[in-house]
Amino acid sequence: MELPERTVPVERLQLGDHACLEVGDGESSWAVFTAYTRTSLARQEKVLLVMDPDDLQDDEVVALLDQGGIEATQARANGQLSLKRTPQMYLPDGRFQKERTIEAYRAEVERAHQEGWAGLRVAADMSWAPKTGLDDDILLDYEASVAPLFADPLFTAICWYDRQRFGRTLLDDMARVHPLRVTDGPATRTDFVEILRAAVSRKDTRTVLDLRDLCFMEASCAWQLIALAGSLPPGSEVTVRCGELLALVLRQLGAEGVPQMVLDVVEEAVR
């Protein structure tokens, strides 16, 4: 299979990026969606999730995104997080019309701007297409035609394609049509917490954790890191070397209130 030239972790997507994501395993896919949402919320961007009507209910989606926290719940309450179903965006009268869909997304970008958000991030389930019998060529033409939307650096989108619904040929074509592809399958929570515990719980009074290349940290993992640092004896120091977004998440969860933790924030390189 020929892969696109640019494959990136989800948190490195920037405003103006258009990416595709192949999904298979539900748990790993939701880890990607959670990372995408939390990154966007931290950047003060609006998030629009366009879900299949037969998928989870809105409250279930928010609970998955929160993972024991309250960020997604708060964002939904203040309008920063919006959930819609695919017929609203793609099939409002039961038919797909390319230009109408593009205009609908352009209106969503303008609405986010008027509401005062830094931009709009969309993640859209494309499973509506095979369900309605849409021709593959029409879907490819649509994905290629949305390029002008991304000329405005207020818009980012992930189009996700379920491997069980789309053939390999179309998935490969989608990888070529989209400028970027998002990596899937981050490390499990258990693995990550075990690594943290082994690194932080040593008898060394000074520990440096280099997390600059970390693709995603769940809220529960961030809490574990902060709690582990806080449990160390006075005078101990855990330096967390990380990017700006992870530092923001740690600060939001109270890292700066833990004397044993020091954040060494490394400016993220521009692609």
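**Entry 1: Thr86**

I looked up Thr86 and found this residue in helix 4 (residues 86-90). Helices here are DSSP runs of H or I with at least four residues, strands are E runs of at least two, and both are numbered from the N terminus. The model is predicted: local features need pLDDT of at least 70, side-chain atom pairs count only at pLDDT 80 or more, and totals for chains, interfaces and linings use all residues. Residues are numbered from 1 along each chain as its sequence is written, and side-chain values use heavy atoms, without hydrogens and water.

Is Thr86 buried or exposed? Thr86 is buried, because its relative accessible area is 2%. Buried means under 20%, exposed over 50%, and partly exposed in between (1.4 Å probe, protein chains only).

I then listed contacts, meaning heavy atoms within 4.5 Å. Leaving out residues up to four places away in sequence, Thr86 touches Val50, Met51, Asp52, Pro53, Leu91, Asp125 and Trp128.

**Entry 2: the sheet**

Two strands pair if DSSP finds at least two bridges between them.

I checked Val50: its bridge partner in strand 4 is Lys84.

Which residues of helix 5 and helix 7 make the contact? I noted Lys98, Thr101, Ile102 and Tyr105 on helix 5, and Asp141, Tyr142 and Ser145 on helix 7.
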